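Here is a short briefing on one protein chain and its ligand. Start with the sequence and the structure.

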Amino acid sequence: MPDITAVKAALAGQRVETPSWGYGNSGTRFKVFAQPGVPRTPREKLDDAAKVHEFTGITPRVSLHIPWDKVDDYAALAVHAKDRGLELGAINSNTFQDDDYKLGSVCHPDAAVRRKAVAHLLECVDIMDATGSRDLKLWFADGTNYPGQDDVAARQDRLAEALRAVYERLGEDQRMLLEYKFFEPAFYTTDVPDWGTAYAHCLKLGEKAQVVVDTGHHAPGTNIEFIVAVLLREGKLGGFDFNSRFYADDDLMVGAADPFQIFRILHEVIKNGGLDPATGVAFMLDQCHNVEAKIPAIIRSVMNVQEATAKALLVDAEALAAAQAEGDVLAANAVLMDAYNTDVRPLLAEVREEKGLNPDPVAAYRADGWQERIAAERVGGEQAGWGA
Ligand code: LRH
Ligand code: MN
Ligand code: MN
């Protein structure tokens, strides 16, 4: 049986990074419903993130998205974070919102557009130098809509050239995380559609390039935990963008659509050593809260990750290995299901209490008064939003 002290220590040591854009307004392409109290500046996003960390105790890092979080002085932003017990996490690049990128960014047929995109990526590394961020997270909207629109292999060459230029610019302790997505906004080809393409580029680039798995970026039915196990085995899993999907890239709260899938993913992470911070696997959220209250939704998401992790830590590894060695299919499956069906909420409440936290972070946040305060104080100016 798993050692409960070790399970609790692993849970207390887990870290989940929250996304700055999750605190801002977001919506579908039909409508953005503004919520009162939403941050107007990157600093206010960090103030909200500090509240999430205050009640969860495991979310000290916040990912930024450039230019959504553009400021004049990134070192000062890092100080603002530090003053609130936070650090700035992954820097997410954005080469998908300018008119110039209609036919792509780093894969665009026009070299001038490619240069502009690479310049943005290099600027993101400059920002990492100022913020102390370790990871540059790259997602490219590049692709084509129609057969024949562009040369698929030539686009891969352009991609490789751009990635190489950015890779060479990385500092000693910096990494490049390449994210894949099977479609959207391109509908025929996407230039980094799957883990195999991302892996092939990262392998050629070198040790500082790793793959990031966004759980919402796969075709229905894809076995994501298998991808996770393979990438960990190859030392190429850089991290996760956690979220839930019912249909495509829905960006709903992680664990909302399919808690069993997150458990299976975390089982592979733990089985293959990925929970150890030394392996560098970054557990990030990439979500948008369109109709639900944002801060409690982020707290809820962190708790969902914790619950899946706790269940995966409770898998009886010895019993599982024995059943597998004996070829006892049902017994092996039962070991996993026993862990999954355990109610881990009392265990997590204990872990929180031992850290001096309220066992119920959502209730604690609701009782805190922060929501009322920001709704009253954050008036005037423009609320930050997905894309603003
Ligand atoms: C693309 C994506 C990527 C972006 C984020 C806002 O769908 O997952 O990680 O940076 O959404
Ligand atoms: Mn993502
Ligand atoms: Mn996405």
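A residue is buried if 20 or more other C-beta atoms lie within 10 Å of its own, exposed if 12 or fewer, and partly exposed in between, with C-beta atoms placed from the backbone. This is a predicted model: local features need pLDDT of at least 70, side-chain atom pairs count only at pLDDT 80 or more, and totals for chains, interfaces and linings use all residues. Residues are numbered from 1 along each chain as its sequence is written, while chains are lettered from A and ligands numbered from 1 in the order in which they are written.

**Overall fold**
- The protein chain has 14 helices and 10 strands (DSSP runs numbered from the N terminus: helices are H or I, at least four residues; strands are E, at least two).
- Its C-alpha trace spans about 60 × 60 × 40 Å along the principal axes.
- Of its 388 residues, 44% count as buried.

**Helix H5**
- H5 covers residues 152-169, 18 residues in total.
- From first C-alpha to last, H5 reaches 26 Å, close to the 26 Å expected (1.5 Å times one less than its number of residues).
- Its buried residues are Arg155, Arg158, Leu159, Ala162, Leu163, Val166 and Tyr167.
- They pack against helices H4 (111-131) and H6 (195-205) and strands E6 (175-179) and E8 (209-214) (contact: C-beta atoms, placed from the backbone, within 7 Å).

**Ligand 1**
- Trp21, Asn92, Trp139, Glu179, Lys181, Asp214, Asp241, Asp249 and Asp286 surround ligand 1 (C-beta atom, placed from the backbone, within 6 Å).

Note on methods: Contact = placed C-beta atoms within 7 Å.
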